[in-house]
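Here are my notes for you on this one. Have a look at the picture and keep it open while you read.

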Amino acid sequence: MKRTSVSLLATLGMGLVMALGKVFFNAPQGAEMLFNFTSRFLGVPWVFNLIHSLPGNFDSYAKYVLYGVTVLIFLTIWFALGLSYKSLAARIGKWGADAWFVALSVLSIGLVLMPLQGLGVFGLSSSNFFYPPLSAHLWAALFGLVFALGLHVLTRLSKNHEAEVDLAKRSSLRKIGGGVLLLAGLSVVGNSIVNAIAKAQAALDGVFGQIKGLSPELTSVEDHYQVSKNVFNPNVPEGAWSLKITGMVDKEITLNLADLKALPSVTRPSTLMCISNEVGGNLIGTSEWTGVKLKDILAMAGVKEGATELILKAADNYSDSFDLDAAMRDGTIVAYLQNGEPLTVDHGFPARVLVPGIYGMKNVKWVAEIELSDQEYQGYWQTRGWSDTAEVQTLSRIDTREATRLEDGSSAIGGIAFAGIRGISKVEVSLDDGLTWNETDLKPAMNELSWNLWNYQWQADPGNYDVQVRATDGTGQLQDPEVRRPLPDGATGYHKVNVKVS
């Protein structure tokens, strides 16, 4: 057996064990850490704009494509290292070479990949919430051992049973390759299930309840968008979670989930939108959130005079910030229920922060620490060129692509409008490319933190109609008509669609 075959099989074996470790034990691993570094480039302005200019829905998969490329790079590096096994074993012995690869696996994590992410040497930085150093290095040792033993055993077999091993090699490649493909397939299916779940929202009263395709007032947990920097979101055990309030406070406090739930709570609908949402996009949703007012938690710690900024740190080593004024709003909460159920892993279990009026990237999930400071702070996305204030732009969207015929013979379409804490005062549609505008029927929002539903009815002959929509916020400011991409301040422009009338 050639050394390239030996190294390839050992690398695939290590990759398979790493995949199984991730699926069944959420094991920390080098490929994921390398991705956490390479994924930073997705936020570089020219890269982001290039991805979003590609046809189709590629921007939704870019993160996963990059992850796959990163895993391939990671395994290629180990394959290249494995080519040196025979010569290394000749100098220091096979067991010495095995020990070297185990040590190399541990040291690459502790001295290269963790520092690259700002987690400190061997992950000992206080900002490291995601990768427990001992666990990360024990898993790294195991993966290195699997790789080393694979090289050891295959090298020995290649001397004594060349022909038999050659046949076994082909079979192993097929099996290992099939296993990797199976795991990849399971991942794709798992992601598709969430997107394939049908909406089961109760029908709304009146015309709003009749319009096909109109968003429900409350978005189900399954249908509510979720975005994170991770391919694998942190699965934080309830018993291991705590929220620390630190920095410029009279006394630092730590709350576990039971402590948080014991505090007076509030339940209210609130709309959340991602800053990368395109005009007409679906990265927006409204859920009923239950949690504790952040200002009540801060009162327990006592905010020192001069503090102006809250720095939020999450269990996945994500961080962001917002100003103290936003933290003191009644609507800002540390939430632990979504639509009456505990948060899912993807939506931030055990707890997340909800801050009305600003984009989702500052509504930190898996929150682990809130630090009070008198210094401005640049978070994960701000260091990549995204807005620091992140105030929600006024948005209006047409949900229906085919008008609904009502009993009186008119045709009806509908959609949503949202302007953060400014509210919506008016929504208008145009059927003549903006020459004239017609005011719609606006359904009152559930509260001052939620989107509005709107509908428009007109007597229409069968055919296709180009329709665009615009909104006016609660201050009287008209939605910005200029078309801008999401980076850096959120998308602007009027949503335009072609509506079919049957």
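1. Helices (H or I, at least four residues) and strands (E, at least two) are DSSP runs, numbered from the N terminus. With that in hand, strand 14 (residues 424-430) and strand 15 pair in the antiparallel sense over two bridges.

2. Before going on, some housekeeping. This is a predicted model, where local features need pLDDT of at least 70, side-chain atom pairs count only at pLDDT 80 or more, and totals for chains, interfaces and linings use all residues. Residues are numbered from 1 along each chain as its sequence is written, and side-chain values use heavy atoms, with hydrogens and water left out.

3. What is the order of the four strands in the open sheet? The order is 15-14-18-19, with antiparallel pairing. Strand 15 (438-439) and strand 19 (495-501) are the edge strands, each pairing on one side only. Strand 18 (residues 463-473) is joined to strand 19 by seven bridges, again in the antiparallel sense, and Gly463 has Val501 in strand 19 as its bridge partner.

4. Next, find Thr440 in the loop between strand 15 and strand 16 (441-442). Thr440 counts as buried because its relative accessibility is 7%. Leaving out residues up to four places away in sequence, Thr440 touches (heavy atoms within 4.5 Å) Val427, Glu428, Val429, Trp454, Asn455 and Tyr456.

5. Pro269 sits in strand 3 (residues 266-273) and is buried, with a relative accessible area of 12%. Pro269 and Leu449 are 180 residues apart in sequence, yet their C-alpha atoms are 6.9 Å apart in space. Beyond its neighbours within four places in sequence, Pro269 has contacts including Leu218, Thr286, Met446 and Leu449.

6. Last, a helix contact. Phe74, Trp78, Leu81 and Gly82 in helix 4 meet Phe101, Leu104, Ser105, Ser108 and Leu113 in helix 6.

Conventions: Two strands pair if DSSP finds at least two bridges between them. Buried means under 20% relative accessible area, exposed over 50%, partly exposed in between (1.4 Å probe, protein chains only).
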